[in-house]
Amino acid sequence: MIMNWLLDNWIELAGNVFALCYLFFSIRENRWLWVLGFMMSFFYMILFFKSRLYADMSLQVYYLFVSVYGWFHWMSTAKKEDISEAKVIPTISINAKQWLKYGLVTCLLTLVIFVLLKKVPDLLEMPPSDLPFADAFKTAGSIVATWMLARKILENWLIWIVIDLFSLGIYLYKGLYLTSVIFVIYSVMAVVGYYRWKHNMQPQVSKLWSE
């Protein structure tokens, strides 16, 4: 019976195992999080396609590319800052103006993704997205939060808290109970990650980041 369950759910199980490892390394500020994130995204991409969460599936493709970017950015920044293997690149923070910028980007992405979810499945003769607006908002927020993580911005954890709790409701609705349990853990650990990163921020490198 257990073997049958494993055979039926091994993709979801593999994605969640890599997800937990990815989260642990994220909190520890270890650059190997990007390798684990790449593997996590690969399995989740397959899972969400089967669950007809198309925006979530496309999000995993984005994660694959950001994982590559994040690896090289963390590596190159470490070299520029002359940081040893045992240390990490500096964490940075954002101000109210930059919060507004990220909020506007999230809203715009939500609208664009929502329209795509309503139109694209029909054009490709695919089943429609079950939760187009919820899927769009989750995807947009995750895109922004992952970019902030790649840039080593402290506040990425605050966005993840919101997105993880929102995602929990989606996965419970879709019957992805194992993934739902993982997102309960995600929500708690996002809080832990925020306070750990904030505690570890060095005063001399805790500066505002602007583009």
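How are α4 and α5 oriented to each other?

## Where the model comes from

This is a predicted model, where local features need pLDDT of at least 70, side-chain atom pairs count only at pLDDT 80 or more, and totals for chains, interfaces and linings use all residues. Numbering starts from 1 along each chain as its sequence is written, and side-chain values use heavy atoms, leaving out hydrogens and water.

## The overall build

You'll find seven helices and zero strands here (helices are DSSP runs of H or I with at least four residues, strands are E runs of at least two, numbered from the N terminus). Of the protein's 211 residues, 47% are buried, meaning under 20% relative accessible area with a 1.4 Å probe, counting protein chains only.

## α4 meets α5

Back to the opening question. Helix α4 (residues 96–123) packs on helix α5 (residues 132–150) at about 140°, with the axes 8 Å apart. Axes are lines fitted to C-alpha atoms over the stretch in contact, and angles between N-to-C directions run from 0 to 180 degrees. The two helices are therefore oblique (under 35 degrees is roughly parallel, over 145 roughly antiparallel, 65 to 115 roughly perpendicular, the rest oblique).

Residues in contact (heavy atoms within 4.5 Å) include Y102 and L109 in α4, and F133 and W147 in α5. The contact divides into 15 nonpolar, four polar and two charged residues.

## α6 meets α7

Helix α6 (residues 156–174) and helix α7 (residues 177–200) pack at about 170°, with their axes 9 Å apart. That angle makes α6 and α7 roughly antiparallel.

Note on methods: Ala, Val, Leu, Ile, Met, Phe, Trp, Tyr, Cys and Pro count as nonpolar, Asp, Glu, Lys and Arg as charged, and the others, Gly among them, as polar. Buried means under 20% relative accessible area, exposed over 50%, partly exposed in between (1.4 Å probe, protein chains only).
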